[in-house]
Amino acid sequence: MYGMLYESVQHYVQEEYGKDVWRKVCRIVDCKHNSFKTHQIYPDKLMPDIAAALSACTGESFDFCMNFFGKCFVRFFSNFGYDKMIRSTGRYFCDFLQSIDNIHLIMRFTYPKMKSPSMQLTSMDDSGAVILYRSGRTGMSKYLIGQMTEVAREFYGLEIKAYVIESQNDISGGTAGPIKLTEGPLTVIVKYRLDFDNTEYMAKRVNTVAHPSQVKMPSVDLNVFLELFPFTFVLNHDMKITHAGEKVVETWIMHNPGANPKAFIGTHVTNLFYCRRPKDTTIDWDTLIQMRTVLFEFELIRTGHNRLAYDAVLNMDFENYDDMLLNEAQALALAKAQEFSDNNVDDLDDGTSEVEIDPATGQRRASQGLRSILLKGQMFYIKDVDSLIFLCSPLIENLDELHSIGLYLNDLNPHGLSRELVMAGWQHCSKLEIMFEKEEQRSDELEKSLELADSWKKQGDELLYSMIPRPIAERMRVSNEHVCQSFEEVSVIFIEVMNIYDSGSTNVQEAMQAVNTLNQVFSALDEEIISPFVYKVETVGMVYMAVSGAPDINPLHAQHACDLALRVIKKVKAHNLPDVAIRVGINSGPVVAGVVGMKVPRYCLFGDTVNTASRMESSCDPWKIQLSTYTAEKVRDVGYKVEARGTVNVKGKGEMETYWLVDGPED
């Protein structure tokens, strides 16, 4: 079922019983949808499941809930303008009942996957009407009653009473389809009686008396109808074709080249045509006489275009037929048969399909030949000959489809808009193709733009994360506030590159060489940063600053800081840069961290721990790693090798006892 049906249920259940009841219903049926999309397909069984859950929550009966859902749908579709279509079907409620199938047929253009039921008005009287409902779904009979009563009340001002008088294969509370105990498809068939005041309709539309001028009109020859409607055929009580228009016979000959041209007349209609709509309709006199207001669609049955069929045409003696001499269709069939025989002498065995090469795959494929023709029209009862006449026209959308069927514009009805619609459909199709090509081009351009935008976004994110830690940046995106937080304990690392540039020099060449060398060293240090254990904070001049334990809390911050220091000493030495040396200072303790600045925001650390770490670096010797006492004690306890340096005069701190980090723990 389409989502619009479930949208109506959700809206009015929440309005009638409250959102809490709807949430409870969703939990009972395990419905994960917070909302339903109008044009999306949802499981059929969800409707009775929701009705059963609502019945359990409210104490109402299941039938009441399904009836309520039907009324909800009628109220809801007015938001989409479908109420105008209902009002336009006729002045009376019976006009609407006669048009239900036609409404469903029109709605298939908007909802192509709609599995609509078939409903026919079978009888009428002054006190109501009887309708026949056919569907492949079970459990929806009460839903339909709700729809009928609401349409009558809302659009026609009628209070009706609807009830079931006959039912076949219907199972209350399920939509899985009829249970098949025998072979062949089963259909739910329900007959409803609708009680309402129908006297005005019966007086003006049924029990009318013909005007004297109409009674005096002479009889019209049946051949006139066949000339006006060349695709028309007439059925007797046995459902056999007694008369037919010239074009429908010719089309049948073209599509069945091996058949006897005289066999069309006198054959049962179901042997020549397949009834596509109304679906699952029994083709007999009693049924069709009650469905004279319903639009029928009959598809011509073809025997195919194979060797046996064409051989039958070549061997047929057309000259011995009396009134049915060689016409255009028979001549075309003979021409195609001769062409087939000449071109396929040894290719195929008897009874096999003609084959051709598929240009897309290069493989042999079965030829589709002419497309089957589809006739759409209405059944009318002709009292003078006691027969039903099917006044129809072929369903053709454009010129391509016209040619694929094997027809020409001149073959269509001379009256009406059949020819104009085909031409308009062809022009509209051409416009659609042009629009489709443009939309495809726009889609390609949009796809490329989106790919480029994604690439730019990734580059922007990488640049942002190089300035601000990823967790902090994501939090700032959500809150649009600068994040500031304190950390109980981290380890701060300072690394200075020494002997790289003489500050008193005025030589530009030396300055450029210093920049290149510094870039080499800092790039080597960047390679040793392992996130999230260590985070690079910034570089200022010749000094490289990093931290472990922020912004991601890390209880092993001291060990990871010392590991980084040992790795960078080894890596920079391996570069063999002349006269270049580095020194490292590490201290552990509490800090406050946050993002500072608007133009070029930076993630900065503040606190005495940072100052002490900087002093550990500035008072360190080249190629050495100096630790504060607290940091040295933390790493010595886990196996790192440290040596006491003694006391060092630290600016702003006075005398401090420090340690050299010699090596990491033994594996």
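Biologist: Which residues of H4 are buried?
Modeller: The buried residues of H4 are Phe-62, Cys-65, Met-66, Asn-67, Phe-68, Phe-69, Gly-70, Cys-72, Phe-73, Val-74 and Phe-76. Buried means under 20% relative accessible area, exposed means over 50%, and partly exposed lies in between, with a 1.4 Å probe and protein chains only. Helices (H or I, at least four residues) and strands (E, at least two) are DSSP runs numbered from the N terminus.

Biologist: What kind of model is this, and how are residues numbered?
Modeller: This is a predicted model, in which local features need pLDDT of at least 70 and side-chain atom pairs count only at pLDDT 80 or more, while totals for chains, interfaces and linings use all residues. Residues are numbered from 1 along each chain as its sequence is written, and side-chain values use heavy atoms, with hydrogens and water left out.

Biologist: Back to H4: what covers its buried residues?
Modeller: The cover includes helix H1 (3-17), helix H3 (46-58) and helix H7 (141-156). Contact here means heavy atoms within 4.5 Å.

Biologist: What span should H4 have, and how far apart are its end C-alpha atoms?
Modeller: Helix H4 covers residues 62-76, and at 1.5 Å a residue its 15 residues should span 21 Å. The expected span is 1.5 Å times one less than the number of residues. The end C-alpha atoms of H4 are 21 Å apart, which agrees.

Biologist: Which ring does the charged end of Arg-75 sit over?
Modeller: The charged end of Arg-75 sits over the ring of Tyr-12, 5.6 Å from its centre. The criterion is NZ of Lys or CZ of Arg within 6 Å of the ring centre and within 35 degrees of the ring normal. Likewise, the charged end of Lys-624 sits over the ring of Trp-660, 5.5 Å from its centre.

Biologist: Now the aromatics. How many pairs are there?
Modeller: The whole structure holds 23 aromatic pairs. Rings of Phe, Tyr and Trp (its six-membered ring) pair if their centres lie within 6.5 Å; planes under 30 degrees apart count as stacked, over 60 as edge-to-face and the rest as tilted. Phe-233 and Phe-298 form an edge-to-face pair, 6.2 Å centre to centre with 75 degrees between the planes. Phe-233 lies in strand S5 (residues 233-235) and Phe-298 in strand S8 (residues 295-300), so this pair ties together parts that are 65 residues apart in sequence.

Biologist: Are Phe-233 and Phe-298 buried or exposed?
Modeller: Both Phe-233 and Phe-298 are buried. Phe-233 also forms a tilted pair with Phe-390, 5.3 Å centre to centre and 45 degrees between the planes.
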